[in-house]
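Biologist: I have a model open and would like to learn how to read it. Could you walk me through it, one feature at a time?

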Amino acid sequence: MSTQIMKDGKNWWLGALAIILALIIWQIIAAYIIRYPFILPAPTDVAAAFVTLVQHGTLWLDLQASLVHFAIGLVLALIIGIPLGIAMGWNRRFDAFIDPLIELLRPIPPLAWIPFAIIWFGLTAWSAGFVIFIGAVFPIVINTYSGFRGVPRVFVEAGKMLGCIRSRDLIRYIAFPAALPSVATGIRIGTGIGWMCLVAAELFGVSNYGVGQKLWWYYNIHQMDSVVVYMIILGLLGLSFDMIFRYYIDKHFLKWRTGEVA
Amino acid sequence: MGNLEIRDLNQSFTRDDGTQLVVLDHLNFDVRDKEFVCILGSSGCGKTTLLRLIAGLDEARAGSIILDGEEIRGPNPKVGFVFQEYSLFPWRNVIDNIAFGLEMKGITKEERYRSAEHYLGLVNLSQFKTSYPSELSGGMRQRIAVARALALEPVLLLMDEPFGALDAQTRNMLQKELLDIWDKTKKTIIFITHSVDEAVFLADRIIVLTPRPGRICQIFPVELKRPRDRTSVEFAQVRREVLDLIGQHCSIQ
C-alpha cells in the first residue's frame, strides 16, 4: 500500500514536471522567438488575460450558459439513449427493427445537424443542446446495448431459479446491474464527445454567453490571449467531468470487478 | 416433501440440416423424498439437459416431470439450482447474494438478512458476509451458491457438477460439507457428476446414463454406511463395481 502511494506520488510529480517544462518552453518560444502575441500569446499574457476576465469579463455567465447547453444535451441523451439501448439489448426483434436505422444515423457527424438544429429549435439553448445530444447519445446507446448483450446467461438463469421471473424484474435486478459498467463507459464516452461538440454548437450564436461562444467572439476581436483562456477552461472542465466519472466508476465497480475479465 | 417422478422424458434438438438430435430417450425414474441421487455419465450424455428440464429452465419435447404431484412447467421456488459455472452476482456482496431470492419474495431486509446469515453459517463462511464474490476463491463461491439456493427453502436441490472446477482437496472437503448440510436440512438432492469417486462418496443411488442418446443404463444403489471412508476396502469395492458397469454396459457402443 505504502509503495503504491510512493509510486503514484512519483508519477504525479513527473506529470507536473512535464507541464512546467511545457509552460517554460512555451514562454521562451512566445516571448523570444515569435514575439507576436496574436500568433502565439505567452503564458504570462494568458495569465494576465485570465485575471482581467475574472475581474471584468463574463466568465461565470459563460460557464453557466455552457453548462445549461451541456446539461440539456446530456440529460436528453441519457433519457433516450439508455432505454433505447436496454430495449435493443433485451429484445432481439426490436434490435433487428431499430438497428439499421441507428447504424444509418450514427455516422452523420453531430455538427452536420446544426442547420436543422437551428431550423427546429431556433437560436435557443435547445438547439445547442440538440447538437450535444446527437454527439452523446450514440455511444450511450451502443454501450448500453452491448452491456445487455454481454450479460452472462447463467446470471439470468440463476435469477430465474431464485424467483426473479418477469422481464421487468430480470432487467432491473439482473441485467441492468450486470451491464452497468458498460453503461457507465458509454456515458463517459458520450460525455466526452458531447463536450467536444459544445464549442461548435455555440459558434452559430444561440446565445450571448457560453464558453464556446466567447472563444469565437474573442477571436473576432483578435484577443488571442483570451481565446487561450477559454481553451484552457474547456479542457479543464472536460477533464473534470471525466475524473468525476472515473472516480464514480472506480468507487462502484472496482470492488466487484477485480479478478474479472473487464 | 420432495418426491420427484420422471415419466417418459424425451428431449431432442433440431440440427441445422433439419435432422433430429436425440439427447434424452425415454427416461423413467423416481427420486424419493430426502434422497441423495447422483447422475453419472460422460460428457455429452445429456446430464445437464436433464437437470435443466427438472429445473424448468428448458421445456421437454415429450414426457413429464412431477414434483410432489405437480408437474414442473417453469422455474419454481420449490427447486433450487447450483450451477456449474460461478453464478454469484458480482455486484452484490455475499449476504445480498444469499438474500436475493428472499428479496424477490418481498421479505423485509431485517428478516431476509437473518435467514441469509443462518445459511451463511451453514456453509461455514459467516466471516465473509460483506465480501464480494471476486474476493472469494472458487470453492467459497460455490458454497455461497449452495447457501443462496437453500435460502429459499426448496424441497429439491439440483446441483450441476458444482465442484467440477475445483482442486481435489477442496472438492473432498466440500463433499463432506455438502453431506453435513444435507443431513441438517433434509433436502432431496440430485447431483450431476462425471466422477465415479464423487458419486460413490455422496449418493444413496447412482443413476448411470449412456451417452448419445442419454438413456438410463442402470440405477445403482450405494449401500455403504455413512460417514463413508474413501480409502476403505468397501469403498474401493463399490467404486470398482460402478467402473466395471460403465466399462461393460454403459459406454459408447
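## Reading the model step by step

Modeller: Let's start with one residue: B:G74 is exposed, because 10 other C-beta atoms lie within 10 Å of its own, and 12 or fewer counts as exposed. Keep in mind that this is a predicted model.

Biologist: Where does B:G74 lie in chain B?

Modeller: B:G74 belongs to the loop between β5 (70-71) and β6 of chain B. B:G74 and B:V31 are 43 residues apart along the chain, and their C-alpha atoms are separated by 19 Å.

Biologist: Now chain A, please. How many helices and strands does chain A have?

Modeller: Chain A has 10 helices and 0 strands. Its pattern along the sequence reads α-α-α-α-α-α-α-α-α-α. For overall dimensions, we take a box along the principal axes, and the C-alpha atoms of chain A fill one of roughly 75 × 60 × 30 Å.

Biologist: What percentage of the residues of chain A count as buried?

Modeller: Of its 262 residues, 35% count as buried. Another thing to look at is how far along the sequence the contacts reach. Taking contacts in chain A between residues at least 6 apart in sequence, 72% join residues at least 24 apart.

Biologist: How is chain A divided into domains?

Modeller: The division gives domain 1 (1-35) and domain 2 (47-257). Taken over C-alpha atoms, the centres of these two domains of chain A are separated by 31 Å.

Biologist: Next, helix packing. At what angle do α3 and α6 of chain A pack?

Modeller: α3(A) and α6(A) pack at about 30°, with their axes 6 Å apart. Angles under 35 degrees count as roughly parallel, so α3(A) and α6(A) are roughly parallel to each other. Their crossing is right-handed. The contact of α3(A) with α6(A) is made up of 24 nonpolar, 8 polar and 1 charged residues.

Biologist: And how do α6(A) and α8(A) pack?

Modeller: Helix α6 (residues 125-149) of chain A meets helix α8 (residues 167-203) of chain A at an angle of about 160°, and their axes are 7 Å apart. Angles over 145 degrees count as roughly antiparallel, and α6(A) and α8(A) are therefore roughly antiparallel to each other. The crossing of α6(A) and α8(A) is right-handed. By class, the contact of α6(A) with α8(A) has 20 nonpolar, 11 polar and 1 charged residues.

Biologist: Which residues make the contact between α3(A) and α9(A)?

Modeller: Geometry before residues! Helix α3 (residues 59-90) of chain A and helix α9 (residues 211-220) of chain A pack at about 130°, with 7 Å between their axes. α3(A) and α9(A) are therefore oblique to each other. On the α3(A) side, the contact is made by A:D62, A:L63 and A:S66, and on the α9(A) side by A:V211, A:G212 and A:K214. By class, that contact has 2 nonpolar, 2 polar and 2 charged residues.

Biologist: Let's move to α7 of chain A. Which residues of α7(A) are buried?

Modeller: In helix α7 (residues 153-161) of chain A, the buried residues are A:F155, A:E157, A:A158, A:G159, A:K160 and A:M161. Just after α7(A), A:G163 takes a positive phi of about 90°.

Biologist: Last one: which domains does chain B have?

Modeller: The assignment gives domain 1 (4-78 + 154-249) and domain 2 (88-153) of chain B. Their C-alpha centres lie 25 Å apart. At their contact, 13 residues of domain 1 of chain B meet 12 residues of domain 2 of chain B. Helix α6 (residues 168-185) of chain B gives the largest share of the domain 1 side, 6 residues.

Notes:
Residues numbered from 1 in each chain as written. Chains lettered and ligands numbered in written order. Predicted model: local features only at pLDDT ≥ 70, side-chain atom pairs only at ≥ 80, totals over all residues. Axes fitted to C-alpha atoms, helices over the stretch in contact; angles between N-to-C directions. Helix = DSSP H or I, 4+ residues; strand = E, 2+ residues; numbered from the N terminus. Parallel < 35°, antiparallel > 145°, perpendicular 65-115°, else oblique. Contact = placed C-beta atoms within 7 Å. Nonpolar A, V, L, I, M, F, W, Y, C, P; charged D, E, K, R; others polar. Domains from an automatic or database assignment. Left-handed = near helix turned anticlockwise from the far one by under 90°. Buried ≥ 20, exposed ≤ 12 C-beta atoms within 10 Å, placed from the backbone.
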